[in-house]
Amino acid sequence: MSIEVRGIHKAFDGHPVLRDVSLTIPDGELVALLGPSGCGKTTLLRIIAGLEVPDLGEVRHGGEDVSARSARERNVGVVFQHYALFRHMTVGENVAFALRVRRRSRAETEARVDELLALVQLDGLRHRFPHQLSGGQRQRVALARALAASPRILLLDEPFGALDARVRQELRRWLRRLHDELHVTSVFVTHDQEEAFEVSDRVVLMNAGRVEQVGTPAQVFEEPASPFVMRFLGAVNVFRGHVDGGHAHVRDMTFAAPGVAGRTPAHVFVRPHELEIHRSAVPGAFAARVDRVVPLGAAVRIELCAPGHGALEVELDHRASEALALAPGDPVHLSPRRVRVFPVREGESDSLTASGL
Amino acid sequence: MSLPADSAVLNPGHPPRLSPDPSTGSGRAAAASAPRTSSAPRTSGASRAGAARALPRRATEDPPAVRHALVALALLFLALLVLLPAATVLVEALRGGVALWWKALSDPDALAAIRLTLLVAAIAVPLNALFGLAAAWSVTRFRFAGKNLLVSLIDLPFGVSPVISGMVTVLLFGAQGWFGPWLAERGIQVVFAVPGIVLATVFVTFPFVARELIPFMQAQGTEEEEAALVLGASGWQILTRVTLPNVKWSLLYGVILCNARAMGEFGAVSVVSGHIRGRTNTLPLHVEILHGEYAFQAAFAVASLLFLLALVTLVAKKTLEWSQRRARREAAPRSTP
């Protein structure tokens, strides 16, 4: 079932949390709401579920306006951040809850619980209580419980937030496979870019109560629509310059900036892996000095300082790093392989550093 | 679709549930005392035995002399002010033998007092359980103006002298009170009758259930109720299937304290009851009357009943605290992210 939100505004105690949010999620998709904490993503999820009432705007499920319906009547499956399992009920009773309150027959309920516990691979734990389960098991119980009444929409609030790194990895892949099997329209909230990219079909990037960009993981990473998206999705180097007649100028360097018209101050963004290091001067390169060489497992991060540009960073793979054999203090030359130019917006803060968020 | 087997074994962030607090505590102590016993060969045999028994002193612990003195003081205080009076009640009650004790209790006036006390408690306690639950629900589940005022007002009966509670009842419902004439016209007597006693008792014992539930429900949060709501439960189903089972120990705990106070209340009831023997005398009032008439043995016999109530309350309270602690311990790992 598709989800559509239109012109949603929401404020808590006069403090705006969502400002004019509109979003369409097609049937059967798995979508991530991604953004820093406090960007309004959980509030948006709760509005879709019916747990919060928007100040303005409407919510449609499958084309039908459900704004007037309570959370109880929307038949949406929700997995809460801390699972919210009923602590006085066994795993089986938790999963059966939605069916019991609907007064389904005992036989039907039992069969459905069996089916769901098999789906989340907890068959043997039916008579355990939530406190006797590990975090990953509780997560799966919460999922089975949310799916019990066969909702057409599944909402997950930071579903992996409370788990340790390894379990989180496994559950991500598992959730993706589960979605491919069930095809329930699913929305999950996360602040973790890696999680959003790995699990979802599409990513909705949110910032300060607004939707910044919607697209596939590759789209939002390769073609960020705003400086925020650029900065939020991984580390980035920022150069200050200006745009004039379709070209960006940073000191004596010039880049093509086709999308920007007129004459305006601009920021030029370069990802660390799109900045090349040369031992000797090449055309279009600028001088820098190596500050630190940081091995990061598979990659190596080179921290540099360039006169007029400040602190910069470059990411290399191991082979390239070994070939260059860089040491702190070495003079080098840097040339951007790919840049993205955004004009400086009025009132935009410049507090983000090159290393991003 | 398959999950790795070890994802079931990994229990992020939580200690294994099999080791309850006491055992880990003693385990830590044993481990910490190990270095002392290993350095024992340098000390004499006698002191080695002592060293093995003594636990290492914690940083915040006082020297033994201070510790023993404080413990002795506390015990002495307790013996003088609690145990001695309690023993006196029992000894005095049974001084004339069991037969006399029984006779004092089976006196018609005493029986009437017992009946009235039970009746008052049977009305006041369920009422306050209901009020307390409603108050705790509204305070912890809704945001509304004047919430802090409501929380403060709930505590009011704890703050004012019970005598004042009684006097307020008289002021409102007495013959010269605000509602007195209106009630008198309809032949309803409140003051110097059972309704007044019930009203005064309800007022005095109101805070117990609410005070017990509010912090507990606040700590629990609303997530489980939200989960029940999106799963399709109605308000009544949420209350009976989720909320009440979660707060049942706290509720029962509040009810027990409320009951103890309702049966033992003296001040407020004394003002409104009128002390009519066999009609408006509760147990505490009856004890006072007997005592005033120098019927010490009978007074203590009736008092021993109230003392028994205290014992039952204490045992019930301890049992509940134990099961509540267990419930909280079970609930705790859930809430830690």
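**Residues, strands and helices**

User: How many other C-beta atoms lie within 10 Å of Ala208(A)?

Analyst: Ala208(A) is classed as partly exposed. With C-beta atoms placed from the backbone, a residue is buried if 20 or more others lie within 10 Å of its own, exposed if 12 or fewer, and partly exposed in between. For Ala208(A) the count is 15.

User: What mean pLDDT does chain A have?

Analyst: This is a predicted model: local features need pLDDT of at least 70, side-chain atom pairs count only at pLDDT 80 or more, and totals for chains, interfaces and linings use all residues. Residues are numbered from 1 along each chain as its sequence is written, while chains are lettered from A and ligands numbered from 1 in the order in which they are written. The pLDDT is the predictor's confidence in each residue, from 0 to 100. In chain A, 97% of the residues reach 70 or more, and the mean is 88.

User: Which are the edge strands of the open sheet with 6 strands?

Analyst: The sheet has mixed pairing, and its order in chain A is E6-E7-E8-E3-E9-E10. An edge strand here pairs on one side only. The two that do this in chain A are strand E6 (76–79) and strand E10 (210–215).

User: Is Ala325(A) buried or exposed?

Analyst: Ala325(A) also has a positive phi, near 50°, in a residue other than glycine. It lies in the chain A loop between helix H9 (318–324) and strand E19 (331–336). Because Ala325(A) has 9 C-beta neighbours inside 10 Å, it counts as exposed.

User: Which residue takes a positive phi near 60° in the hairpin of E11(A) and E12(A)?

Analyst: Strand E12 (residues 247–250) of chain A is joined to E11(A) by 3 bridges in the antiparallel sense. One bridge pairs Asp244(A) with His247(A) in E12(A). The hairpin has 2 residues between its strands, and the positive phi near 60° belongs to Gly245(A).

User: What is the bridge partner of Leu304(A) in E18(A)?

Analyst: Strand E16 (residues 286–296) and strand E17 (residues 299–306) of chain A pair in the antiparallel sense over 7 bridges. E17(A) is also antiparallel to strand E18 (residues 310–317) of chain A, with 8 bridges joining them. In E18(A), Leu304(A) has as its bridge partner Leu312(A).

User: How are H12(B) and H13(B) oriented to each other?

Analyst: Axes are lines fitted to C-alpha atoms, for helices over the stretch in contact, and angles run from 0 to 180 degrees between N-to-C directions. The axes of helix H12 (residues 223–230) and helix H13 (residues 235–264) of chain B come within 10 Å and cross at roughly 160°. Angles under 35 degrees count as roughly parallel, over 145 as roughly antiparallel, 65 to 115 as roughly perpendicular and the rest as oblique. H12(B) and H13(B) are therefore roughly antiparallel.

User: What percentage of the 357 residues of chain A count as buried?

Analyst: Chain A has 9 helices and 20 strands. Its C-alpha trace spans about 80 × 45 × 35 Å along the principal axes. Of its 357 residues, the buried share is 45%.

Note on methods. Pairing = 2+ DSSP bridges. Helix = DSSP H or I, 4+ residues; strand = E, 2+ residues; numbered from the N terminus.
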